[in-house]
Amino acid sequence: HRGITLYKEGKFSEAVRALNAAVRDRTLRTDAAIWNYLGLSRLAMSDTKNARKAFEEAIQRAPANADYR
């Protein structure tokens with residue numbers, strides 16, 4: 001996903017915009033990785049409150065994935 005690529009390139013603000021759009025998409029909103037990268041992007045921008053919410057969504061969608069804990 002483009003948002004993940006933007007995160008990996010260090011373009012956190014752009015990543016947040018792309019990932020926010022992704023979680024509004026019916027087919028992507030259940031993708032735990034999208035939520036995790038949204039959390040990582042927000043955390044990189046010091047938005048800890050919203051980062052935590054995104055991480056919690058990732059855990060809900062993939063509770064067995066230790067990377068999201």
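## Arg61 and Glu57 in helix α4

Arg61 and Glu57 sit 4 residues apart in helix α4, so about one helical turn separates them. Helices here are DSSP runs of H or I with at least four residues, strands are runs of E with at least two, and both are numbered from the N terminus. The two side chains form a salt bridge, with their closest N and O atoms 2.4 Å apart. A salt bridge is counted when a side-chain nitrogen of Lys or Arg lies within 4 Å of a carboxyl oxygen of Asp or Glu. Arg61 is partly exposed, with a relative accessible area of 32%, and Glu57 is also partly exposed, at 23%. For these words, buried means under 20% relative accessible area, exposed means over 50%, and partly exposed is in between, using a 1.4 Å probe and protein chains only.

Before going on, please keep in mind that this is a predicted model, in which local features need pLDDT of at least 70, side-chain atom pairs count only at pLDDT 80 or more, and totals for chains, interfaces and linings use all residues. Residues are numbered from 1 along each chain as its sequence is written, and side-chain values use heavy atoms, with hydrogens and water left out.

## The other salt bridges

How many salt bridges does the rule give? The count comes to 3. Besides the pair above, helix α4 (residues 48–61) holds Glu56 and Arg52, which are 4 residues apart and so separated by about one helical turn. Their side chains meet in a salt bridge at 2.9 Å, N to O. Glu56 is partly exposed at 40% relative accessibility, while Arg52 is exposed, with a relative accessible area of 57%.

Glu9 and Lys11 also meet through their side chains in a salt bridge, at 3.4 Å from N to O. Glu9 is partly exposed, with a relative accessible area of 47%, and Lys11 is partly exposed as well, at 38%.

Side chains of opposite charge can pair when their charged atoms come close.

Leaving aside neighbours within four places in sequence, Arg42 is in contact (heavy atoms within 4.5 Å) with Val16, Asn20, Asp47, Asn50, Ala51 and Ala54.

## A cluster of rings

The whole structure has 2 aromatic pairs. Rings of Phe, Tyr and Trp (its six-membered ring) pair if their centres lie within 6.5 Å; planes under 30 degrees apart count as stacked, over 60 as edge-to-face and the rest as tilted. Tyr7 and Phe12 make a tilted pair, 5.5 Å centre to centre with 50 degrees between the planes. Both Tyr7, at 22% relative accessibility, and Phe12, at 26%, count as partly exposed.

Which parts does the pair of Tyr7 and Tyr37 tie together? Tyr7 lies in helix α1 (residues 2–8) and Tyr37 in helix α3, so the pair joins parts that are 30 residues apart in sequence. This pair is edge-to-face, 5.4 Å centre to centre with 65 degrees between the planes. Tyr37 is buried, with a relative accessible area of 18%. Through these ring pairs, Tyr7, Phe12 and Tyr37 are linked into a cluster.
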